[in-house]
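Please keep the sequence and the model in view while you read the points below.

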Amino acid sequence: MQALLTDIATVVGSGNVLTGDDVTQRRVDWMSGASCHAGAIVRPGNTDELAAVMRLCHAARQPVVTHGGLTGLVHGGEAAPDELVISLERMNAIESVDPIGSTLTVQAGTPLQKVQEIAAEHDLLFALDLGARGSCTIGGNIATNAGGVRVIRYGMMRQQVLGLEVVLADGSVVSSLNRMLKNNAGYDLKQLFIGSEGTLGIVTRAVLRLHPRMSSERTALVACPDFAGVSGLLAHLGRELSGSLGTFEVMWRNHYALLTEESGRNTPPLSPRWPYYAIVESLGNDDAANTAQLSAALESALEAGLIEDAVLAQSDTQRQGIWNIREDIEGLIQHLAPLFTFDVSLPIPDMPGYAAELERAVQQRWPQGRIVVFGHLGDGNLHVSVSVGDDEPATRRTVERIVYEQLAELGGSVSAEHGIGLEKREYLALSRTPEEIALMHTLKRALDPLNLLNRHKVLAQEE
């Protein structure tokens, strides 16, 4: 490997080939805090440098793992000592903004929050939003097809990407930086790489779709008496808000009470005695009209028995206080550690039964066990945390079977938005048919026949 690193240093500069302590001092993800064990970390500064690096790696049959913001939760950034890490941290430029066409061209290592801020400077909106916005990168968002809190209004990351530039395993560059909303000329190749977790190519640049920025963002926290109220409220707001519903996030009481009353970390705007709580946001350009419309919708929901109580944020501070309860992942870790986290999707009507059966099964096996549930219910996505007292591998496997086997029966997915990585690889068949998985292998062999890109991630290695 040393000879290869010497050759790579002539491409990217010796200061951008990290070894030894400079590698092990870095983490491979946010949750575990595990150290990086790669043979080296290579930091190309542009697409040409990355392409040259990959040509050298291809000739040497050197496997690589791509690193972005390292906010993933499925061990997609893990690298073995015989692998190199390709970090895109230097490729972080905003290249251009087209306010008329509502597009933004950006390098893959750019943090999501920076993209949001640049769009806002042009009175535009980049619609993807999630709690890790300050750390996660656009390349990582694309590689995992990230979701977040506004999928119900704008869709997943897939819907925000118009064009891509990708470096393939052999160093070839596929540059398809389309800036048009409509382009039906042949295969839409970018879709091969969105959500592929770096196993088919390394995203280097992207053309992102922007939307008009809404000047009014009204946020409310509501308490629901039962799940029929939750699902009824979702339908009710969809009708009453005339398309302005931007967010519909739900917290089970076990999440809301833990992060307010039990832990004392957040002030509860509503009493923590109800079984479900929803954060709803309405987006518009006339604040008075937007406020009135949301208030009227909540009042009629109260009259219909869909909600028991509600509070409408009157300031940015109050709004942030509501969101802090939903996004306090550090609080979950602090009070439940060791814990296992899951990101699943399933039909909305099946959610209460699924969560109740999961809690029953966990407490039957571990009487002291706890589960905490919250998520993007409006788009069918739940985040589940399970704490049973230890995080040994055998315990993890038992918990995973409890969480995932129900999903297969309900037609759900083991991954709604976090990807597969290493953690969920053996459960992929619960959510994809044998024919689908066979086609995935066909694509992998066609684009990366030497299995150099994020090997072992997503798909089990073929015999």
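A search of the whole structure finds 6 aromatic pairs, where rings of Phe, Tyr and Trp (its six-membered ring) pair if their centres lie within 6.5 Å, with planes under 30 degrees apart counted as stacked, over 60 as edge-to-face and the rest as tilted. This is a predicted model, in which local features need pLDDT of at least 70, side-chain atom pairs count only at pLDDT 80 or more, and totals for chains, interfaces and linings use all residues. Residues are numbered from 1 along each chain as its sequence is written, and side-chain values use heavy atoms, with hydrogens and water left out.

**Aromatic pairs**

- The ring centres of F227 and W252 are 6.1 Å apart and their planes meet at 45 degrees, so this pair is tilted.
- The pair links distant parts of the chain, 25 residues apart, with F227 in helix α8 (residues 227-240) and W252 in strand β13 (residues 245-252); helices (H or I, at least four residues) and strands (E, at least two) are DSSP runs, numbered from the N terminus.
- F227 is buried at a relative accessible area of 9%, and W252 is buried at 8%, where buried means under 20% relative accessible area, exposed over 50% and partly exposed in between (1.4 Å probe, protein chains only).
- Y256 and Y277 form a stacked pair, with 3.9 Å from centre to centre and 15 degrees between the planes.
- Because Y256 lies in helix α9 (residues 253-262) and Y277 in strand β14 (residues 276-284), this pair ties together parts that are 21 residues apart in sequence.
- Ring pairs also link F227, W252 and Y276 into a cluster.

**Nonpolar cores**

- Within the largest nonpolar core, which has 53 residues, F248 and W252 touch the most other members; such a core is a set of buried Ala, Val, Leu, Ile, Met, Phe, Trp, Tyr and Cys residues joined through side-chain atoms within 4.5 Å.
- Helix α13 (residues 351-365) supplies the largest share of this core, namely 6 residues.
- A second, separate core of 49 residues includes V42, M54, A108 and A206.

**A buried lysine**

- K457, in the segment after α15 (434-447), is buried yet has no salt bridge, and the nearest side chain of opposite charge, E83, is 5.6 Å away; a salt bridge needs a side-chain nitrogen of Lys or Arg within 4 Å of a carboxyl oxygen of Asp or Glu.
- A polar atom of the K457 side chain lies 3.0 Å from the backbone oxygen of G76.

Methods. Lys and Arg count as positive and Asp and Glu as negative; His and the chain ends are not counted. A polar contact is a pair of N or O atoms within 3.5 Å; within protein, one must be able to donate a hydrogen and the other to accept it, and residues adjacent in sequence count only if both atoms are side-chain atoms.
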